[in-house]
Amino acid sequence: MADASEQEARALLSAKAVRARAGQMLDIGLQGGLSHFNVDLDRMDGVADAVLAVTRKAYPTLDIPFHARWRHFVFGGVDRWAQLADATSWPDRAARARAEFDLAIVSVLLDAGAGATWRYRDAVTGQGIGRSEGLALASLDMFAGGLFSRDAHAPFRVDADVLAKLPLAALASAFQASDANPLLGLEGRTDLLQRLGRLVAARADIFGAQDTPRPGGLFDHIAAQAVGGAIPAPAILSAVLNQLGPIWPSRLELAGVPLGDCWRHPAIRADNATAGLVPLHKLSQWLSYSLIEPLQRAGFDVTDIDGLTGLAEYRNGGLFVDHEVLRLRDAADAERAHAVDSLLVVEWRALTVALLDRVADLVRAKLGRTPQSLPLASILEGGTWAAGRAIAFARRPDGSPPLKVISDGTVF
């Protein structure tokens with residue numbers, strides 16, 4: 001049985017902890033108690049209007065899908081993955097779900113910031129595509145081409161042993177990265193996939209129940225937790241964090257538990273060993289959102305989708321800085337580069353999570369919708385991410401975020 005300190009540590013591996021600590025950070029900010037930001041909630045109505053404007057443009061009927069990796073596989077109106085998957089003969093729905101878990105896990109782990117200059121030349125359209133969309137299509141092409149499979153006749157799978165030995169050069173080539181087309185954090189991405197491969201290979205009890213060990217085995221682990229065919233979305237995140245947590249490099253641990261995307265801030269209070277810790281779990285939540293649809297296609301009812309939180313990344317965060325809800329105490333900080341574990345970045349990311357809940361409430365009020373009819377996952381998609389990108393390009397020609405973060409390829 002886990003001791004008290006381990007239980008406290010594992011409590012940080014939850015969306016509930018992310019929301020609670022982010023809310024605490026916002027409360028401190030509203031009282032003027034943060035080192036780097038002042039918070040002006042009077043400007044939130046303008047943010048909600050901006051989010052609504054891009055949402056109506058992208059989804060005129062307001063029938064908005066979830067914010068998930070699957071959206072990035074749609075290019076030029078064509079759903080590339082659906083084309084491939086629908087043309088494939090699957091033994092059953094679970095087999096397709098395992099493949100989709102494989103694809104989503106690898107693609108999301110490769111989805112840290114690409115930098116402003118990198119482009120992926122799409123073989124279908126001939127276009128050069130940057131940022132998340134380019135990373136997505138590149139990862140889909142790797143997956144469909146069998147880069148991660150040990151069987152050339154079964155490309156739509158990720159085998160743990162292949163991943164564990166994935167050469168940096170193979171990933172660089174697949175991303176078309178070069179001195180002339182630099183991709184940020186390529187070494188970090190490669191290391192993360194290799195770590196994933198080693199972990200999955202070592203945990204056949206979790207990842208190899210129905211097959212040789214593969215990330216897609218997490219589908220069976222989560223499906224086994226269903227009650228009456230229903231799986232709460234926070235349980236997906238819990239599985240992702242508890243089972244994949246050890247892959248994150250050089251991060252905090254508490255009572256031997258790797259805490260993943262979790263950082264220190266002295267203003268955060270708790271009456272136990274987790275005082276001063278701020279969990280954010282951005283990539284893990286992005287992955288959890290991306291695992292909802294494969295589970296639904298496999299016949300499960302995914303409930304409590306709003307139990308997950310908004311994503312602490314630079315488009316959502318930039319939305320609030322560019323709209324001046326968040327104002328730097330020291331304007332010179334806008335010109336400096338900041339480490340991911342700096343107090344400024346920890347404050348920015350936590351405030352982003354809390355403010356996304358606030359803007360979601362405002363958007364729903366303007367539309368007369370409920371959390372059930374318009375979940376946060378759809379507002380993110382509609383939504384906040386696109387509005388953050390839109391104002392970034394309006395403010396800066398290259399669309400860069402308003403704050404400079406030194407990325408290791410595994411956070412943003």
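**Exercises on the pockets and the nonpolar core**

The model is predicted: local features require pLDDT of at least 70, side-chain atom pairs count only at pLDDT 80 or more, and totals for linings use all residues. Residues are numbered from 1 along each chain, and side-chain values use heavy atoms.

**Exercise 1.** Identify the helix that gives the most to the lining of the second largest pocket.

*Solution.* First, the volume of the second largest pocket is about 290 Å³. A pocket is an open set of points on a 1 Å grid where a 1.4 Å probe fits, with protein on both sides within 12 Å along at least five of seven lines; lining residues have an atom within 4 Å of a point. Next, 16 residues line this pocket, and Y59, E133, E381, W385 and A386 lie nearest its centre. Helices are DSSP runs (H or I, at least four residues). Both α3 (44–58) and α16 (376–395) supply at least two lining residues. Finally, α16 gives the most, with 5 residues.

**Exercise 2.** Describe the largest pocket by its volume and the classes of its lining.

*Solution.* The volume is about 450 Å³. Among its 20 lining residues, L184, P401, L403, K404 and V405 are the closest to the centre. The lining comprises 11 nonpolar, 4 polar and 5 charged residues.

**Exercise 3.** Locate F175 in the largest nonpolar core and list its contacts.

*Solution.* A nonpolar core joins buried residues (under 20% relative accessible area, 1.4 Å probe) through side-chain atoms within 4.5 Å. The largest has 138 residues, and F175, L218 and F320 have the most contacts inside it. Helix α15 (residues 343–367) provides the largest share of this core, 14 residues. Beyond neighbours within four places in sequence, F175 has contacts (heavy atoms within 4.5 Å) that include L110, W118, Y120, N181 and R189.

How values were computed
Grid points are joined across faces, edges and corners, and a volume is the space filled by probe spheres set on the points. Ala, Val, Leu, Ile, Met, Phe, Trp, Tyr, Cys and Pro count as nonpolar, Asp, Glu, Lys and Arg as charged, and the others, Gly among them, as polar. Buried means under 20% relative accessible area, exposed over 50%, partly exposed in between (1.4 Å probe, protein chains only).
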